[in-house]
Amino acid sequence: MTEPVLSLRGISKRYGPLQVLKNVSLDVYPGEVVALLGENGAGKSTLSGIIAGSRTPSEGSMTWLGQNYAPATPREAIDKGVVLIHQELQLLPQLSIAENVFIGRWPMKNGVIDRGQMVRRAQEQLSRLNLHIPATRKVAGLSTASQQLIEIAKALALNARLLILDEPTAALGGTETEALFEQVRKLRSEGVGIIYISHRMDEIKRITDRIVVLRDGERVQEFADSATPVRTIVESMVGRSLDRLFPALPQPTDRPVLQVSGLTSPEGSFRDITFEVHAGEILGIAGLIGAGRTELVRAISGADPISAGSIRLEGEEIRLRSPKDAIAKGIVMVPEDRKDQGLVVDHRIGENIVYANLDKLSGKWITARAKQRLAQKAVVKFGVKGRAEQHASDLSGGNQQKVVIAKWLMRDPKVVVLDEPTRGIDVGARAGIYDIIVNLAKQGVAVIVVSSDLEEVLGVSNRILVLAQGKQAGILSREEANDVSVMELATI
Amino acid sequence: MVALDINEQSGPSGGWLKKLSGATGPLIGLLALCIFLSISTDAFLSLRNGLNILDQITVLGIMAVGVTFVILIGGIDLSVGSVLALSMMVMGWTANIAGMPMPVAIGFALVASAASGLVVGLLVTVFRVPAFIATLAMMSAARGVANMITDGQQIVGFPDWFTMLAIDRHFGILTATVFLMLAVVLAAWIFLHFRAEGRMLYAVGGNPEVARLAGINTQVVTIGVYVVSAILAGLAGIVLAARLDSVQPSSGFGYELDTIAAVVIGGTSLSGGAGGIGGTLIGVLIIGVLRNGLNLLNVSPFLQQVIIGVVIVLAVGAETIRRRRA
């Protein structure tokens with residue numbers, strides 16, 4: 001075998017008394033894709049930060065192409081050819097694609113920026129990635145998938161020999177993920193080493209050559225064979241055997257709670273949608289990115305207007321002018337973007353729960369004790385690992401999501417809409433969220449779950465509504481639904 | 001081969017309009033204003049009045065260049081009016097009370113301005129004071145120092161050559177001060193557009209973390225921008241001294257708001273990372289033309305303030321609506 005591009009030997013990292021990495025060794029060879037797997041907090045981001053120069057190890061050494069390697073800044077790592085592509089895209093929306101690709105290292109001629117060369121070289125990288133957009137176009141308004149590819153173009157322009165992709169598909173739909181994978185394979189064949197961080201097991205099995213599992217800062221196992229069953233890999237990640245990821249679903253009642261008929265959005269992001277959700281039922285909504293899933297559930301929860309159609313709650317037609325109307329009627333939404341729409345992350349958990357329940361407290365003084373009582377009740381009830389007085393930003397993604405769910409469920413809603421409930425949440429914490437969802441249904445709530453994760457929709461739904469380009473492609477019963485039948489409808 | 005379904009070819013394409021980026025709306029507004037004033041008054045459309053407007057906007061124009069830089073990196077500078085006064089008083093004291101030559105006095109004035117910008121820059125970067133607070137503090141402190149220099153008194157009477165800078169029209173057209181303003185604007189435009197350091201401002205304002213990861217020293221950029229903004233405010237003070245043939249510590253009161261208004265009317269985003277000098281020049285011209293035209297129409301100064309307020313809202317509102325549609 002050839003020499004590794006990057007070797008890590010005995011890397012440890014301590015923050016005060018907290019040891020986040022223990023004696024990790026890893027080799028990455030040119031032209032291979034290594035999956036780095038682990039729950040949140042397992043040390044994946046710390047490790048990739050060390051490789052990319054944004055953190056320094058407490059112990060251990062690294063070699064790059066046979067030479068000692070100890071980058072002190074991201075710039076040093078980038079100059080050597082190590083590029084980390086962050087989960088949150090790092091582009092400047094107001095600038096052109098070309099400028100984003102060459103940010104910080106503009107090609108110069110006679111002391112001024114050579115814009116012609118900049119655009120030409122950026123265009124070359126874009127076509128290498130099969131992305132046919134003019135490099136002079138502004139980034140603002142491009143799809144997430146295109147932006148993801150521009151990040152990669154940026155890395156290629158730097159002659160990256162090692163790419164670290166951190167959750168690259170978190171915001172991508174099926175087709176876009178395929179396009180990304182195609183580029184990853186192409187880069188691999190060109191001899192680029194790739195470290196691939198993801199929670200999505202099916203992707204990891206498809207795209208990676210080798211799987212390295214981290215748990216509590218230690219390298220616990222390596223799977224060289226992508227035929228290893230998912231269950232074995234997940235069990236190695238969480239360090240215990242998984243009896244089940246998805247709990248058994250309760251039998252729904254035949255009492256319809258929410259009836260939607262002919263619902264159409266003014267911008268045309270969804271058209272003529274008709275379905276009903278019964279008490280105790282979980283309806284999954286599947287579809288590709290851009291199929292109108294989020295727009296549909298936003299309209300149902302009063303966040304966006306509709307231009308035609310009707311919504312009936314327990315048989316009675318309702319008109320929703322704002323989320324406030326919907327909440328008052330008992331329809332609540334756990335939005336897609338935890339940090340932007342679900343939580344005020346800089347505020348305490350207790351405050352966050354109180355914000356959704358201010359009307360319950362109004363008329364009384366909002367005393368520290370009243371807040372504490374309400375918040376503590378929610379924290380205990382939903383198994384949040386944290387205390388009401390902690391800041392939401394201190395919690396892991398899974399626990400933040402539990403807070404968002406908890407703040408609504410204190411109101412005993414009739415309909416709960418969850419948009420991408422486990423995005424960016426590790427496998428261990430997912431099971432906890434699924435338990436909450438199923439328990440809601442058991443209590444007779446009508447639940448709607450929107451998800452890009454096919455396994456998840458299939459696992460928690462009694463029935464699945466599939467959208468394709470804003471149109472209702474079909475509704476599948478639990479018996480009919482499998483990955484093939486859903487994707488067939490979604491790609492109509 | 002899986003190709004992305006790319007429906008993204010649309011969007012701004014080439015052409016000279018694009019160079020103005022967000023400023024096409026304000027440009028149309030400026031032209032409409034000029035046409036309206038040309039029709040409704042006799043005095044507006046003349047070379048003489050045009051040159052008057054240019055003379056009247058020199059101080060605002062020079063300050064607005066510095067504030068554009070600050071707003072581009074996502075900051076704000078409330079101290080420029082006070083720094084202008086500080087610069088004037090340092091110059092006046094050095095020249096007329098300490099009796100040193102004018103060029104030395106001007107040098108001292110610019111050094112004092114730069115120092116106040118450096119203090120703001122360090123407060124914002126090293127001590128992480130929000131720019132609004134740091135420059136609010138400097139607005140108060142610099143004004144105080146300006147008053148302390150002469151105990152609040154004005155200083156009158158500078159050499160003839162100095163006051164002629166704002167009066168003598170070279171080639172029968174441009175005074176030295178107007179020429180200075182145009183040179184500052186042009187240099188700033190070239191800097192922002194063609195120099196790596198200029199593009200760094202867009203990166204820092206667009207997303208400081210992206211800039212940092214791209215190897216840009218965001219702290220140095222930030223400090224540099226506040227120093228440049230202060231130096232330009234000081235330079236504007238010297239221009240104002242030449243125009244008035246006197247310096248007083250109450251000069252430039254409220255100028256920071258006019259300046260920010262001009263920059264914002266010109267389409268530079270208060271959240272940073274978008275905009276530019278072309279727009280700022282248009283913003284400055286709109287304010288200059290509006291004041292001049294309203295005077296010609298005999299509109300009271302109080303009503304003028306109301307009208308300028310309305311224009312700010314219209315300019316920014318139109319821009320927001322246009323972006324939302326795009």
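Student: Which residue in the turn of the hairpin formed by strand 11 of chain A and strand 12 of chain A has a positive phi?
Tutor: This is a predicted model, in which local features need pLDDT of at least 70, side-chain atom pairs count only at pLDDT 80 or more, and totals for chains, interfaces and linings use all residues. Residues are numbered from 1 along each chain as its sequence is written, while chains are lettered from A and ligands numbered from 1 in the order in which they are written. Strands (E, at least two residues) and helices (H or I, at least four) are DSSP runs numbered from the N terminus, and strands pair if DSSP finds at least two bridges between them. Strand 11 (residues 210-215) and strand 12 (residues 218-223) of chain A run antiparallel over five bridges, with Arg215(A) opposite Glu218(A), and in the turn, where two residues lie between the strands, the one with a positive phi of about 45° is Asp216(A).

Student: Which residue of strand 11 of chain A stands opposite Ala35(A)?
Tutor: Strand 3 (residues 33-37) of chain A is joined to strand 11 of chain A by four bridges, and the two run parallel. In that pairing, the residue opposite Ala35(A) is Ile211(A).

Student: What is the bridge partner of Trp64(A) in strand 5 of chain A?
Tutor: Strand 4 (residues 59-64) of chain A pairs with strand 1 (residues 6-15) of chain A in the antiparallel sense over five bridges, and there Leu6(A) has Trp64(A) as its partner. Strand 4 of chain A is also joined, antiparallel, to strand 5 (residues 67-68) of chain A by two bridges. In strand 5 of chain A, the partner of Trp64(A) is Gln67(A).

Student: How are helix 9 of chain B and helix 11 of chain B oriented to each other?
Tutor: The axes, lines fitted to C-alpha atoms over the stretch in contact, with angles from 0 to 180 degrees between N-to-C directions, come within 10 Å and cross at roughly 110° for helix 9 (residues 196-206) and helix 11 (residues 218-244) of chain B. Angles of 65 to 115 degrees count as roughly perpendicular, and the two helices are therefore roughly perpendicular.

Student: Which helix gives the largest share of the side of chain A that touches chain B?
Tutor: Counting residues as in contact if their C-beta atoms, placed from the backbone, lie within 7 Å, 30 residues of chain A meet 24 residues of chain B. The largest share, five residues, comes from helix 6 of chain A.

Key:
Parallel < 35°, antiparallel > 145°, perpendicular 65-115°, else oblique. Contact = placed C-beta atoms within 7 Å.
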